[in-house]
Amino acid sequence: MDETLIASLKNGDMQALGELYSKYRQEFIAMIRAKYKMSNDDAMDIYQVATLRLYNNVVKGKMTMMYDSIKPYLFSIGLNVYKEMVREDMKIPLSSNPLEWVDDRGEGQEATDEALLKERLLEATKKAIEKLGDPCQSMLTRFYYFRASIRQLMEEFGYKNEATAKNKKYKCLQQLRELLQKEKIQMALA
Amino acid sequence: MEEQDIALIDRYLSGELSESEEEAFRQRLKAEKDLSQLFEDVRYLQKGLERAELEKAWKAIQAAEAGIVDTAPTGGGTFSWKVWLPAAASVALLVIAAWFFLLRSTEPQALYAEYFEVYPNVEAPIYRDSSAQADSLTAKDLAFRRYADEDFDMAIEIFESIQKPDEGTLFYLGMSYLANDEATKAAAIWEPLSEEAVDYKTQVQWYLALAWLKLDKEEKAKVIFEELAESGTAYEERSRAILKAL
């Protein structure tokens with residue numbers, strides 16, 4: 001059963017993600033609140049971030065092999081998120097900036113200036129992606145995030161052969177780079 | 001040439017290069033400014049695509065949360081009859097009153113009143129620490145701010161001004177109408193959307209069915225509740241309860 005769920009998550013199935021979230025939510029919240037003193041809202045925040053991190057790990061093939069099913073893996077991620085939160089003395093809810101918590105947080109954080117610049121560049125990238133639209137956005141997401149092969153792109157997007165799919169993917173990337181350049185200029189002028 | 005370089009970068013990012021190929025690639029990155037720029041672009045675009053996908057996943061998690069009725073205890077404390085007895089008596093009276101009310105009326109509109117609650121904003125979260133300036137906000141952001149403030153008249157006005165609205169915008173436009181007691185307009189938006197929606201499909205079905213209840217279109221509502229009752233979604237149990245009451 002977990003194999004089916006993992007396969008669905010790897011394919012970006014949002015309904016499966018919602019079902020996974022609902023399935024273990026109550027049990028996780030009860031577990032972590034019994035273990036550590038915290039409010040229901042904090043426990044829920046941790047669980048939401050843990051679910052997002054699990055999704056990202058599964059898609060990227062980073063799910064540790066020592067876990068043979070989703071539940072213990074999800075719960076261990078949740079406990080790690082809690083420990084990281086305590087270590088960083090978090091005072092605001094994690095859910096106010098969930099994407100920052102997707103990757104494991106190391107002991108040291110990046111220098112502030114560099115982190116800010118990266119953040120601005122990623123914001124410019126986000127705007128460029130929004131302007132790109134489909135099918136380019138879906139195609140590039142399948143390739144660069146879900147690690148679909150050119151052959152899979154050919155099948156999923158209905159191209160005649162791999163060369164056409166590869167060429168289309170190249171053109172989409174070029175289009176996105178052009179949009180990014182425009183956004184970078186806007187960012188510099190702002 | 002650039003196409004070949006992109007293929008090389010893709011292989012590097014996927015870890016497909018051999019040790020010697022990887023070393024040669026790193027040397028070229030140091031020596032060739034154009035390649036280095038191209039590499040940076042692809043890396044940022046990859047990260048940006050990842051973020052866009054994770055934002056979608058975050059919305060799915062928030063939507064799942066919004067569909068859950070929380071039964072978890074929220075606090076400890078010692079039990080005291082002195083405190084609880086009057087409260088329990090009040091609750092009992094309320095339950096009896098509600099029971100009489102339900103016995104008297106399981107009319108569609110009563111069911112609507114029992115089950116309707118405004119769907120939370122999970123489409124464009126407004127962060128508490130947001131430092132966004134008013135002039136950098138999009139129409140959609142502004143509409144959701146009005147929606148969060150329950151200023152549905154203004155939210156409707158802004159949602160309707162959005163050119164080429166996506167399904168999220170249409171869902172919340174309908175929701176603003178329904179929250180404003182304009183069920184006919186909500187149903188007019190959601191009826192075609194219920195066929196096409198992907199991300200908000202079950203939410204559209206649920207609220208469209210509630211809108212039909214409000215409009216006394218019991219048969220139309222039943223068809224949707226019957227589908228939701230077997231859907232395996234967060235609305236399954238509530239749909240069954242409504243069907244039973246109808």
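## Elements and overall composition

Helices, as H or I runs of at least four residues, and strands, as E runs of at least two, are taken from DSSP and numbered from the N terminus. On that basis, the place of B:Asp216 is in the loop between α10 and α11 (218-229) of chain B. The model described here is a predicted one.

Chain A has eight helices and zero strands, so that its order from the N terminus on reads α-α-α-α-α-α-α-α. Of its 190 residues, 32% are buried, and among the contacts in chain A between residues at least 6 apart in sequence, 62% join residues at least 24 apart. Chain B comes to twelve helices and zero strands; 29% of its 246 residues count as buried, and residues 24 or more positions apart account for 50% of the contacts in chain B with a separation of 6 or more.

## The contact between the chains

In the contact between the two chains, 31 residues of chain B meet 37 residues of chain A. On the side of chain B that touches chain A, the elements that give two or more residues are α1 (2-13) and α3 (33-66) of chain B, and the largest share, 20 residues, comes from α3(B). By type, the residues of this side of chain B divide into 16 nonpolar, four polar and eleven charged.

## The largest nonpolar core

In soluble globular proteins, nonpolar side chains tend to be buried together. The largest nonpolar core of this model has 97 residues, and those with the most contacts inside it are A:Leu17, A:Ile46, A:Leu176, B:Tyr207, B:Leu208, B:Ala209 and B:Ala211. The element that gives the most to this core is helix α3 (residues 40-59) of chain A, with eleven residues.

B:Leu208, one of the residues with the most contacts inside the core, touches B:Ala187, B:Trp190, B:Glu191, B:Ser194 and B:Ile224, when residues up to four places away in sequence are not counted.

## Packing of α5 and α10 in chain B

Two packed helices are described by the angle between their axes and the distance between the axes. For helix α5 (residues 108-115) and helix α10 (residues 201-214) of chain B, the angle is about 140 degrees and the axes are 7 Å apart. Angles over 145 degrees would count as roughly antiparallel, and α5(B) and α10(B) are therefore oblique to each other. The crossing in which α5(B) passes α10(B) is left-handed.

From α5(B), the residues B:Pro108, B:Gln109, B:Leu111, B:Tyr112 and B:Tyr115 meet B:Leu210, B:Leu213 and B:Lys214 of α10(B). The residues of this contact divide into six nonpolar, one polar and one charged.

## Backbone exceptions in the loops

Most residues other than glycine have a negative phi, and most peptide bonds are trans. In chain A, a cis peptide bond joins A:Asp134 and A:Pro135, with omega of about 5 degrees, and A:Pro135 is found in the loop between α5 (112-132) and α6 (136-144) of that chain.

A:Arg147, although not a glycine, has a positive phi of about 60 degrees and is found in the loop between α6 and α7 (150-157) of chain A.

Note on methods: Residues are numbered from 1 along each chain as its sequence is written. Chains are lettered from A and ligands numbered from 1 in the order in which they are written. This is a predicted model: local features need pLDDT of at least 70, side-chain atom pairs count only at pLDDT 80 or more; totals for chains, interfaces and linings use all residues. Axes are lines fitted to C-alpha atoms, for helices over the stretch in contact, and angles run from 0 to 180 degrees between N-to-C directions. Angles under 35 degrees count as roughly parallel, over 145 as roughly antiparallel, 65 to 115 as roughly perpendicular and the rest as oblique. A crossing is left-handed if the near helix is turned anticlockwise from the far one by less than a right angle, and right-handed if clockwise. Two residues are in contact if their C-beta atoms, placed from the backbone, lie within 7 Å. Ala, Val, Leu, Ile, Met, Phe, Trp, Tyr, Cys and Pro count as nonpolar, Asp, Glu, Lys and Arg as charged, and the others, Gly among them, as polar. A nonpolar core is a set of buried Ala, Val, Leu, Ile, Met, Phe, Trp, Tyr and Cys residues joined through C-beta atoms within 7 Å. A residue is buried if 20 or more other C-beta atoms lie within 10 Å of its own, exposed if 12 or fewer, and partly exposed in between; C-beta atoms are placed from the backbone.
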